[in-house]
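Thanks, everyone. I'll take a few minutes on one structure. Please look at the screen.

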Amino acid sequence: MCKDWTPGKFPEGRTASQRLREGIDAGAGGLDAVGLDLTGADLSYGDFSESWFTDAKLVNARLVEAELYRSDAQGADFSGADLTGCSLVRVNLDDAVLRDATLDLANLVKASLCDVDASGASCRGTQFMGASLLGVNLRSADLSNAVFQENSFQVTLDQNTKIEGASGSVFGPAVIVEGDVSRELSGAALGGWIKAKGGDIRVLS
């Protein structure tokens, strides 16, 4: 962390606020925020490289253009959080909640997203290259102009998932939910479904 950086808003909780102040004063190393309640905090533009947000609560928090390189956010709750332009390179997001979060233009290169609930999330222009997407709920998510590159893509999509302009390549299969019916698609069938929704993603076998 950087001593010259100040949060736009400290967490309301005393423990979380104190831990954050201590991290800023230390000026080096990652932040230990394991299990802390950072709800509503504004951590935009902060450098949290190699920090620990495991099981932390970041509901409606702001992390616009924050740096979380190689951090652990397993099981963290980012519901409604704003991570626009955030660097999540090589971040562990397994079991995290990203429901209705904003990740527009975020960088998730080589991030791990296993069993993540990202329903309703906005991922416009998000970079997913090399990220593991296994068991990810992307129902009603906006993936417009997102970029993929040989991603595992074992995700759940529905008729409300937006894929216009999304590009790159993925490995299936994906589960498509349409009304009360769900079906698993891979290969050309998945590619055709994506293309019909305006995406240009090559499905690898």
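One cut-off before we start: exposed here means over 50% relative accessible area, and buried means under 20%. Keep in mind that this is a predicted model.

Take Glu-12 to begin. It sits in the segment before helix H1. Is Glu-12 buried or exposed? Its relative accessible area is 71%, so it is exposed. Now look across to Gly-40. Glu-12 and Gly-40 are 28 residues apart in sequence. In space, their C-alpha atoms are 7.7 Å apart.

Now the opposite case, Ala-101. This residue lies in the loop between H1 and strand S1. Ala-101 has a relative accessible area of 0%, so it counts as buried. What does Ala-101 touch, leaving aside neighbours within four places in sequence? Its contacts are Phe-78, Gly-80, Ala-81, Leu-83, Ala-121 and Ser-122. Arg-14 is another matter. It is 87 residues from Ala-101 along the chain, and the two C-alpha atoms are separated by 25 Å.

Asp-95 is partly exposed, at 40% relative accessible area. Leu-105 has its place in the loop between H1 and S1 too. There phi is near 60 degrees, again positive and again not a glycine. With 59% relative accessibility, Leu-105 is over the 50% cut-off, so it counts as exposed.

The peptide bond from Gly-172 to Pro-173 is cis. Omega there is near 0 degrees. Pro-173 is in the loop between strand S4, 167-171, and strand S5.

On to the core. The largest nonpolar core has 63 residues. Which of them touch the most other members? They are Phe-53, Leu-58, Phe-78, Leu-103, Leu-113 and Phe-153. Several elements each supply at least two residues of this core, including helix H1 at 14-26, strand S2 at 132-137 and strand S3 at 151-158. Strand S5, helix H2 and strand S7 are also among them.

Zoom in on Leu-58. Not counting residues up to four places away in sequence, Leu-58 touches Leu-38, Thr-39, Leu-43, Phe-53 and Leu-63, among others. Its partners also include Ala-76, Asp-77, Phe-78, Ser-79 and Ala-81.

Next, H2, at 187-196. Its buried residues are Leu-190, Gly-191, Trp-193 and Ile-194. Seen down the helix axis, these fall within an arc of 160 degrees, so they line one face of H2. On the other side, Ala-188, Lys-195 and Ala-196 are exposed. What covers the buried residues of H2? The cover includes S3, S5, strand S6 at 181-185, and S7. Just after H2, Gly-198 takes a positive phi of about 95 degrees.

Last topic: empty space. Rolling a probe the size of a water molecule over the atoms shows where such space is left. How many cavities of 30 Å³ or more does a search of the whole structure find? One. The largest cavity has a volume of about 60 Å³. Its lining includes Leu-98, Leu-103, Leu-108, Leu-113 and Ala-118. Cys-123, Phe-128, Leu-133, Val-136 and Leu-138 also line the largest cavity. By class, that lining has ten nonpolar residues, no polar and no charged ones. Note Leu-103 and Leu-113: both line the largest cavity, and both are listed among the core residues that touch the most other members.

That's my tour. Questions, please.

Note on methods
Residues are numbered from 1 along each chain as its sequence is written. This is a predicted model: local features need pLDDT of at least 70, side-chain atom pairs count only at pLDDT 80 or more; totals for chains, interfaces and linings use all residues. Side-chain values use heavy atoms; hydrogens and water are left out. On a 1 Å grid over the protein atoms alone, a cavity is a set of points where a 1.4 Å probe fits but cannot get out, and a pocket is an open set with protein on both sides within 12 Å along at least five of seven lines; lining residues have an atom within 4 Å of a point. Grid points are joined across faces, edges and corners, and a volume is the space filled by probe spheres set on the points. Ala, Val, Leu, Ile, Met, Phe, Trp, Tyr, Cys and Pro count as nonpolar, Asp, Glu, Lys and Arg as charged, and the others, Gly among them, as polar. A nonpolar core is a set of buried Ala, Val, Leu, Ile, Met, Phe, Trp, Tyr and Cys residues joined through side-chain atoms within 4.5 Å. Buried means under 20% relative accessible area, exposed over 50%, partly exposed in between (1.4 Å probe, protein chains only). Helices (H or I, at least four residues) and strands (E, at least two) are DSSP runs, numbered from the N terminus. Contact means heavy atoms within 4.5 Å. The arc is that of the directions from the helix axis to the C-beta atoms.
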